[in-house]
Structures are given as C-alpha cells and as structure tokens.
Amino acid sequence: VNIDGEVSLLHSGDVSFSDVYYHYLHKSVKYQVLIYLLNHRQFKIQRLADRLSVSTSTLIRRIREINRSLAEFNIGIKNTQLFGCEAQIRYFYFQLLWLGRPIQVNRFEYADDRVAQLLKMGNFESLLTETGKVMLTVYFGLVKQRLTAVRDGDIDYESFNFRNAGNAPFIKQFSDNLQHYFHQVHLSWDARELNQAVGFLVIHFCFNTDEPSARQFVGHLSLQFPKIDTLNRRFIRTVGRIPLAAGLPSTFTEETKLSLSQIHFCLAFYRGALSPDISSVAAKAFAEDELSRFSDGQAANELVQKCYQLCEEAFHTLAISAQDSDKFDKILMRYAVIVNMALGSSNSYLTIACDFNLEQILNTAAIARVGAHINQHIKVSLQPYEADQNYDLIITDQMKPYPHHDHSRVFVLLGMDYGPDFTALNQVLKQLYFDKLQF
C-alpha cells in the first residue's frame, strides 16, 4: 500500500514470506538458469539467452554471479555445465527449492504415488517426521531430475567422503526400497545412492528420533565417526560445567547429543551455508539474543564468547576455515539455541523470599503480582519469607536488616505499581542467575 509516498505491506495472515519471495525469485534470470541446469545436462549461451529474453553479455554476467554463490558449495558452472560432487549439487538444489519456494509448490511439482508407496514399504514412513516425509519426496524428485538430465559418467560420487550408511535393519530395507524406486522410474541403480540418501536424511533432521530404530541410528553416528563424537563430547562437557546445567534431566542431554550429531555430521561432510534464508548477520544477532535471555551486558558476552570458542574448536577439529563467516555464524546460532535450551531446561532455580508488610491474604496477592513481572526465562521459586530458610534474593517493601541472611541479596521495592522497580529487579535476577552458571 502506498500512502503519501510511504510503501507498507499489509499482512492478512494468509500469505507467507516464501510466497512473497518466490513471486520475485522465479522471475530472476539466475534462478531460471539454475532450474534449467537441473533439467538439462548443459546449455548453449545464445539459445538460453533467447529463452530468457536477455542479451548474451547479461547472461554471462549472471553466470559469473551464480558461480560466486556456488563456490561456497564447492560446485560451479563451467563450459555451460554444472560440475562438482553430486552430494554437494543435490545439497545446494534442495536448499534452493525448499527454502526458495512455498511448500505447496514443491508438493504439487513433486507429488509421486511411487514415493508414497516406497515410504509405506516396511513401514519406513514411521521413521520420518511429517516434514521429513515431504523433504524426502522433494529429494526423490530432485534425484530423478538430476539423473535424467546427466550422463552416468558425469556423476561424481567419489568426492563424497561419507561412505558408511550403517548396517541397521531399516537401512537394508531402505536400500531395497531405493532400488525398487529407481527401477520404477527407469534409472540406473548405483549402490552409492544409498549413502547420498541417508546423508540427506541426517543433515535435514528428517528422522523421527522418537522411533527407537531411528533414534538408535542417529545416536550411533558419533560412534561411526570419531570426530563427531569428539565435538559432541566437548560441547556436552562445556555445558555440563555450568552449575545450573548440572541439574539437567538426562533426557535433555540425550536429545542434545542427537541434535549435535546431525549438526556436526553436516559440518563434517557438506560444504555450503546452512539455512541460506538466514543471513550471517541475522544468525549472529539471533545467537546473541538467545543468550541474553538469562543475562545482560558482560554476563551475556561471556556466554556468547564461550559459544564462539566452541565453534572455533569445531571448525579446527574438522579442518574447516573459520573464515567462512556465513557457516560459522549459523553454527553459532545453533549452539546458542542449545545452550539457551539447556539453561531453560535445568532443574535449578533461584530461591526468592518475599517479605512484605502486609496481612497474609494481601501478601499472597503481592507475591503473585511480583511473579507476573519476573522474566519468564528465569526459573524462580517465590515464597513468603522465613528466617530459617536460605535464599538467593529477598524482595521486600521496607528497609531492614536480615541478620540470618548476610549472604542473600536484598531488593527493596518502592511500590507494587512502580514499573521501573521490576525492570531493575529483572536485571538483578539475570545477574544472580548468571552468577550460578559460571563456566
């Protein structure tokens, strides 16, 4: 809407960002070149320029721009053909299709009853999340496009260094299902396609880890690949040194290991941005915002620096340049989310006494009012003051000594309805919380 020269977007709640983005993306020359190469082995410059209604010089410039983006994935357009490791090519194209188009566009284009039947064979669909099933359907469509467009000799499987899909029973079943699908769509079967597909499922978090077989498979990734195990252990050990995190439920630690295994698997075996729809700057800002929920200022900076250190160690262990700021910041974002979840899932909390000069029934109401103003990310136990109990903080509405609590912080409220009181109180709570979670 244009009002007095100012353009604004009115959102009615029935249009997603991907709908708006795709409206412009699918018309761009670079996108159309990439889609053309997905369906054709190569192109002729003049013919493709005519098809796209641009000059040959414009097309050549756009191809150079495309190559700058593709270089991050270790692939590129050379002599009007797409070159690179097949796993990397599929990784790039899946992200382009999945994140660049509305899900309904992908559902419509890649709808295939044969894939639906494949998922039902051996009850394989129970091993995948609902989103994972859609992702795998898109992946099969992408594979069909790639293998139909190129010659067998053009496929580079060898550069992909993940060569062990494991020996779980469902992996054997999945291999049989894949071969059946390839036969149905008249594609030549290559046993290395199994590793390609399993790698895809892992890095896109397609496995339903509530299902025992899938959970066991993802959990064993760290046993198959020592460097992934090293990174997982280092991260868990670092978070475990946070006193508040010492009270983490064992189930949380187990879930964290599963997430870390998939993050580190992607980092170890694939090159290119994770979540290209999120800029490096946005990922870094997101990470810092996540870690500021429990702390302010220097305290939050210390948490951020610890996540930076973990990222640097991960990149060093895997011999990846930390100069890849885009991928670095997106790993940082994921680490920050896990650290934040660890702090939020801890069984530890601040014990706070409320000592108000009120009769009992009004005192109960006052405690509830204080609780409503406390930062929801900080776990607290609010209770009436008792002289023989230990507290991290005493909140009161009067200045007086607390001889039995020399080591407890005291915060005096000016009044229940004085807003700045609660802003200051939450800053104090954040600092107390962080004091408990020093590394």
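Helix 5 is mostly covered, with 14 of its 15 residues buried. Here buried means under 20% relative accessible area, exposed means over 50%, and partly exposed is in between (1.4 Å probe, protein chains only). Helices (H or I, at least four residues) and strands (E, at least two) are DSSP runs, numbered from the N terminus.

This is a predicted model, so local features need pLDDT of at least 70 and side-chain atom pairs count only at pLDDT 80 or more, while totals for chains, interfaces and linings use all residues. Residues are numbered from 1 along each chain as its sequence is written, and side-chain values use heavy atoms, with hydrogens and water left out.

Back to helix 5 (residues 86–100): its end C-alpha atoms are 20 Å apart, which agrees with the 21 Å that its 15 residues should span at 1.5 Å a residue. That expected span is 1.5 Å times one less than the number of residues.

Now for the charges. The structure holds 17 salt bridges, each being a side-chain nitrogen of Lys or Arg within 4 Å of a carboxyl oxygen of Asp or Glu. Here are three of them:

| Pair | Closest N to O |
|---|---|
| Glu86 and Arg90 | 2.9 Å |
| Glu86 and Arg146 | 2.7 Å |

Glu86 and Arg90 both sit in helix 5, four residues apart, or about one turn of the helix. Both Glu86 and Arg90 are buried. What does the bridge from Glu86 to Arg146 tie together? Glu86 is in helix 5 and Arg146 in helix 8, so the pair links parts that are 60 residues apart in sequence. Glu86 has a relative accessibility of 1%, and Arg146 is buried too, at 3%.

Lys133 and Glu130 are three residues apart in helix 8, so about one helical turn separates them. An α-helix has 3.6 residues a turn, so residues three or four places apart point the same way. Elsewhere, salt bridges with shared partners join Glu86, Arg90, Arg146 and Glu193 into one network.

On to the nonpolar side. A nonpolar core is a set of buried Ala, Val, Leu, Ile, Met, Phe, Trp, Tyr and Cys residues joined through side-chain atoms within 4.5 Å. The largest one has 113 residues, of which Tyr93, Leu136, Phe174 and Phe265 touch the most other members. Helix 8 (residues 130–149) gives the most to this core, with 10 residues. Apart from it lies another core of 19 residues, with Cys354, Phe411, Leu425 and Leu432 among them.

Most residues other than glycine have a negative phi, and most peptide bonds are trans. Phe205 is in the loop between helix 10 (193–203) and helix 11 (212–219), and is partly exposed at 37%. Ala319 is in the loop between helix 16 (297–317) and helix 17 (325–345), and is exposed at 67%.

For the whole protein chain, there are 19 helices and eight strands. Of its 439 residues, 48% count as buried.
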